Every structure is written in structure tokens, then in C-alpha cells.
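Subject: Structure handover

Hello,

Here is the structure I promised to pass on. Please open it first, then read my notes below.

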Amino acid sequence: MNVPVSHRAELLATLKRVFGYDSFRPLQEEIITASLDGRDTFALLPTGGGKSLCFQLPALVRDGLTVVVSPLIALMKDQVDALQTAGVAATFLNSMLGEKESRKRLAALFNDEYRLLYVAPERLMVPSFLEKLRQWKVALIAIDEAHCISEWGHDFRPEYRQISDLRTHFPGVPFMALTATATERVRDDIVRQLHMREPAIFVASFNRPNLAYRVVPKDGAYSQVVEFVRERKKESGIIYCLSRKATEGLAERLVADGIKARPYHAGLTDTERAENQESFLRDVTKVMCATIAFGMGINKPNVRYVIHHDLPKNIEGYYQETGRAGRDGLPGDCMLLFSAADVAKLTGFIDDMGDDQQRRIAREQLQQMVHYGESAGCRRSELLMYFGERYPNANCGGCDNCLSPRETFDGTVSAQKFLSSVWRARDAGWKKDMSFGLMHHVEVLTGANTERIRKWGHDKLSTYGIGKEHTRPQWGAIGRELLRLGLLRVAPGEFQTVELTEDGLTFLRERRTLQLTRPMKTAAAKPEKRTGDIACDEALFEVLRALRREIADGLGVPAYIVFGDNTLRHMARTYPQNEREMSRIPGVGAKKLDDFGAKFMDAVTKFLRENPRQVFADSFEPAAPPSPHAPNPNALNDTAHKSWRMFADGKNIAAIAKERGFTEGTISGHLAFAVEAGLVVDVSRVLTVEELERVRPLLAAHGTVSLKPIFDELGGKIDYGRLRIACAALQHGK
């Protein structure tokens, strides 16, 4: 299990050979390096950020078995199918398997025939299974969807709590916890529940730049949905609804209108859910109408849109659900239909909760969701802010408010009326210092004749009936904007009442002016081409997509297991007709090239006999490598650059490792990257001239695909970290 962490060349070679990619996504390499170093690791990467590779790649370069704890049977099968198609020895054990098949897989595990094993948490913790696990040379335990272990998470699962005892059974095995959505509180709880020891913690940006966000006033919801879906009739999408009844009704209406749709919710039988999910994964069904029961762990990369037919209960769930679009990095559309009626419906559900604390939290979460829906600011910035991240740009170019900024108007008088109503109601009637709900003030301003208004004497207020220039929904939106602007706040207590803030009082006293935002307008459903789309020959793309479907059906797997849309679009852009060209396509690993390459190359060749080759303005051809003597500091990530800077400032490798909480091998790897980037590294502080000269002929003989032969021939006298620096220096003319 003591695998050298500086085998970057070996990792990259394996990444290309097995998975077909030339480089890592953000933080993947650092996470993998820390894990191979034997450290516990916590990784928070957004959906589509490549979490699975963080434990799959180490499993291929280290001895022993990687055990992956997964919450869903469908997810296990999906990932194992994908790995086996790529030539990786992986399996799963769960209740889907018959006794004969289970025994067969157990025997193979005892014979060390697998690199990865997927297992559910409830099976993992059975004493008899734990005993078997101790005999299988476990090298890493990876807990996927780790937020399920935390009661503070949005998808807590009691069965995950069982694995909190796992550390006592495997004290010497490194753990890896992975999730796509977790607040700081949830992250801390995951680390505590898993008894992780000084883990290396990696938190990627929550930004999904390929997703476009829009909020549309709900106005004839079914017509809005149908228009949106028909504009994307060849694409897969998910429509989230609040209730089981709504999912079934919507699916039935879509089918009646010729759209292939199915429902998914917890009230269906296991068989029905499995059949509907399988149909969606294989692109037979294009639209899944679902409650929040659908989605976690569904590794379908080509979901092109997510519609929220009803208002989500909280931002965390909304972010997680929108994240199911565009997992392949290609553009995805996220549309939320927003209405005050949905707010009222959810408020009613909250009022029926029995626990005061639950009600308080649910109201706060709903208020955040309403603020997001009505905000005139950048949607992306609002989402990132919720997770404690600041979006650096004023305009994201990928949300409705940034693409079509909302109109503003002089709201000074409207704000004065609303705030005055709140102030005057506080001291009116027979009980002083009372606060009232936002909609109560809306009714006062619009002159409603209700028993509650008469009871409190608010029909006698000077503000009663002075706001008939706006409708009730418009006044409601104005009141919520005043909350967002900090002129009003929700008063403490059980009920959602509002009161003036100091800023609100100052606004009234000093007669300040204020710009307010016009209500949202219904947006067109037509998709727009956005950053991240891969221009290609669309006719060839459809040919390749049909071929992929045919191959996948023959194998009995979802189409994306063969190749993802990203890979097909690169094929339809570059027209590969030989193995060298095909091997350069992202996502084409060695086994997939052997198994499927010839069929796709034949399809390209046949297509070009009848159709001209298109030329695209922006090229995806790899750039020529920079001169080894030309410094390219941008080639370094922030982590490596910091280590290089500390070394350049005079600190040695041991001191840097201690200060940064990394191993010396990791810091050596950072310095090797700096050498390769052309930055100045005083190699004489690490290696003698004699050591470099001993490495030179061995490097020429063995290359850097694996440093183990060089290490062995040197008798281990130069550790892997320094050996990595030596090879970089010799190759780059130092």
C-alpha cells in the first residue's frame, strides 16, 4: 500500500490508457496524490467534477482492493458497467445478485481478481462480511455520497450511520469521503462521523459554468413545459415536481402529446422505478418527471436540461437537482417556474410540521429559496454565495438576470408606503409593539376588508387602501425585495412577521430614494448557444449517436457507457479515420479503441464519402508544447506554485511539507512540476551532480512511464520524490 506519490507520469499514462483523457480536472490530481500518500482525504467536487476518478485511478496503480461504499444499487451497476467497458476489473455485491453469482464474485475476491468492489453500507457492516473484507488486502475505503452520513445533510440516510464504526475495524486503511453538496457544518460532521485522521480536505468551486440558470414566472405551467421540451426534443431532461400525483399527471399529458416521458417517485414499486430509470438511462425515455426521490447517483452525463415545475424547498436541494444537467461538461439548461402560490403551498406544509425547530429551519430555507427566485441579481452569484463562495465577475453571462437584466423603477414612494404600514401597524390597536406578516401589510395597503384587519383596527390606519396602484402579487414582491435589501427583517418568534430595521427607519426619516425591480417576464424557451458547446458536424453527430445506441443495446448497457456525448462531438468535429486520430479523442481509452474504434472510424469514412468535411473556426487541436526553456508558470496549479515559491524563498522540502501538512514526496512532486513548467528550481539543493549522472542513463533506458525500474536499479538510494525532480531536470536541460 506504500505507493510512491510522485508517479505523475504513471498516473497520466494510466489516465490516458484506461479512461482516454490527457489531463486531470481541478483538484483530481491533488486528491489522488494525497490518497496514494496514505492520507485520509475529504473531497467536495461539484456534480460532473470527476469524483469517481479520484478513487478509481489510484485503484489501478496501487496493490490491493479499493472498497467503494455506495448508497444506490443502480449507481453500483452503472459504475461497474462503465469500468468493465474500459477494461477495469471491478464488481459489486448487492441484493440484485443471485446466490450462485454472489459466490462466484466472492471467490474471485479471495483470488485477488478485482481492483474495485462496490458495496452498500448495510451489507458492508455485517460481521461475516467484515471478516471476509479483512482477508482481501483492502488498500482504500471510499465513501461515495458521504453527505448521507450527516443528519445535517440534505439526504441523510440512517444506514450510512452504521459505517461510523468502520475505522475500528480497519485502523490502518486510508479513508476517502466524497460528496458534491455539503455546507461547512456537514463537512465537519462527515469527518467526525468517519473518525478521519487529520484528513487532507479539498473543496472545489461550486460553480458549474456550463449550466445556464433562469427563473420564469409560472403562467400556464404545462404549456411552458411543453414548449421548452419540444425545443429540445432530441435531448434528455428531468422535470422535478413537488408531489407524486403531479409527476404522474405531467408524464401522462406529455405522452399524450407525443413526448416520451415516464414518472419516478417513491410510491412506485421497485420494479416500476427500475424499469422507468433504465428506460431513461438508455435514452428510450427522453423525459423523467420526478420527485426528489430521483437523481442521486444517477450517472447519466447527457442530461441536457432540468426543469423545476414547482418551487424547491431549499437552495441546497435545488443546486443538487440542477447539477444533474451537463455532467459531461456540455451546456445544460436549468429552468425554475416560480409562483407565489407555490410559496403559499410550501408554507402550509411547514405550518403542519410538529417540531418547532424543524418549522423554524424550514421557513428560513424557504425564505432563502424565495429570495433566490425573486432576486434581480446574478443567479450564479446567489448560488455560490449560499455555499460561502464569491463569484468574481459582475455578469456571469449564463443566467436570465445577466443575459437580460431586469428593468428598475423609482420605488421610493412604494417603499415609503410599505415601510410606513409596518411602522404604523406596530403601535395601532389595543396591543402595542405587535408585528404582522408581510401579506397582512399587503392587504392593508390594498384596502382588503378582512376580519383580521378590522380586529386590529388596521382599517383606521392612514396607510389603509393607499396602495391600489399595485396588485397584491406586486406588493408581495415589493415587500420581499425590501427584506432582501435589509430595510425589513423577519421578527424573532414562531410566526413569520416583519419589522423595520435601523436602515428601514433611516430610509423613512431621511426621505431617501430607492430603485426597485420590475417583476420577471416569461422568457422564451428556445435554447441559446452558450460557452462550453462543442461545434461539430451535427449530421455526423446524429449518425454516431445512432451507432452508439445500436452498440449499447447489443451490450445491454446505457449508451453513454460506450462513449459520452462529449466524445462523439469531438469525433464529429475532427473526423478520425485511423487509430492514431481516434486515440486523440477525449474519452477513447485503449480498450474502447480496440472494442469500438473500428466501427466508429468506418462510420466517419462512410459519412465523408457522401458529405463534405466541415471546417470550424476554433480548433481543438492540441497546442504545440512550450519550449522547455520558456517559463510557463500558468502550467502550475495554485498548490504546486505555493510550494515552489516557498522553496525559492529558501525553505527546504522537509520544512515546506511540515508547514503545509503534506508529505515530502508531494512537495517534491510540486517542485518537479515547477521544473517542467520552466521555472527556476535550484536542483543542487536536492540532488548532487553524481546522483543526477547516475539517473541519466537509466532515464534514457526506461523513460518515465514508470519510475519503479529506475528506483530499483538505484537500489532505492534516491527516493521517489527526488527521483521525480531528477528526471524533470534531466529532461528539461537543467
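The notes go from the whole chain to single residues.

**The whole chain**

Please keep in mind that this is a predicted model. The chain has 734 residues, and 54% of them count as buried. Its secondary structure comes to 34 helices and 18 strands. The radius of gyration is 29 Å, close to the 27 Å that the globule rule gives for 734 residues, so the chain is as compact as a globular protein of that length. Along the principal axes, the C-alpha atoms fill a box of roughly 95 × 60 × 60 Å.

Among contacts in the chain with a separation of 6 or more, 73% are between residues 24 or more positions apart. The accessible surface is about 33100 Å². Carbon and sulfur atoms make up 51% of that surface.

**The sheet**

Start with the open sheet of 7 strands. Its order is β3-β4-β2-β5-β6-β1-β7, and the pairing is parallel. Which strands stand at the edges? They are β3 (90-93) and β7 (200-203). Each has a single partner strand, so one side of each is left without a neighbour in the sheet. From one strand to the next, the twist averages 15°.

One pairing is worth a look in detail. Strand β1 (residues 41-44) runs parallel to strand β6 (residues 175-179), and 4 bridges join the two. T41 has M176 in β6 as its bridge partner.

**An enclosed helix**

Next, go to helix α26 (residues 565-574). Of its 10 residues, 8 are buried, so the helix is largely enclosed by the rest of the structure. The buried ones are D565, T567, L568, R569, H570, M571, A572 and R573. What covers them? The cover includes β12 (303-308), α24 (538-555), α27 (579-583) and α28 (590-610).

Most residues other than glycine have a negative phi.

- E198 has a phi near 40°. It is found in the loop between α10 (184-193) and β7. With a relative accessible area of 72%, E198 is exposed.
- D283 has a phi near 65°. It lies in the loop between α13 (270-281) and β11 (287-290). With a relative accessible area of 10%, D283 is buried.

**Cysteines**

How many disulfides does the structure hold? The count is 0. Take C148 as one case. Its sulfur is 18 Å from the closest cysteine sulfur, in C54, which is too far for a bond. C148 is also buried, at 0% relative accessibility.

C378 is another case, and it is in no disulfide either. The nearest cysteine sulfur, in C396, is 3.7 Å away. A disulfide needs the two sulfur atoms within 2.5 Å. C378 is buried, with a relative accessible area of 10%.

D503 lies in helix α23 (residues 502-509). Is D503 buried, exposed or partly exposed? It is partly exposed, with a relative accessible area of 49%. Leaving out residues up to four places away in sequence, D503 touches G486 and L487. D503 and G486 are 17 residues apart in sequence, and their C-alpha atoms are 7.0 Å apart in space.

A657 lies in helix α30 (residues 653-660). It is buried, with a relative accessible area of 5%. A657 and S643 are 14 residues apart in sequence, with 8.6 Å between their C-alpha atoms.

Best wishes

Key
Residues numbered from 1 in each chain as written. Predicted model: local features only at pLDDT ≥ 70, side-chain atom pairs only at ≥ 80, totals over all residues. Heavy atoms only, no water. Pairing = 2+ DSSP bridges. Axes fitted to C-alpha atoms, helices over the stretch in contact; angles between N-to-C directions. Rg over C-alpha atoms; globule rule 2.2 N^0.38 Å. Buried < 20%, exposed > 50% of the residue type's maximum accessible area, 1.4 Å probe, protein only. Contact = heavy atoms within 4.5 Å. Areas by Shrake-Rupley, 256 points an atom, 1.4 Å probe, with all protein chains shown as cover.
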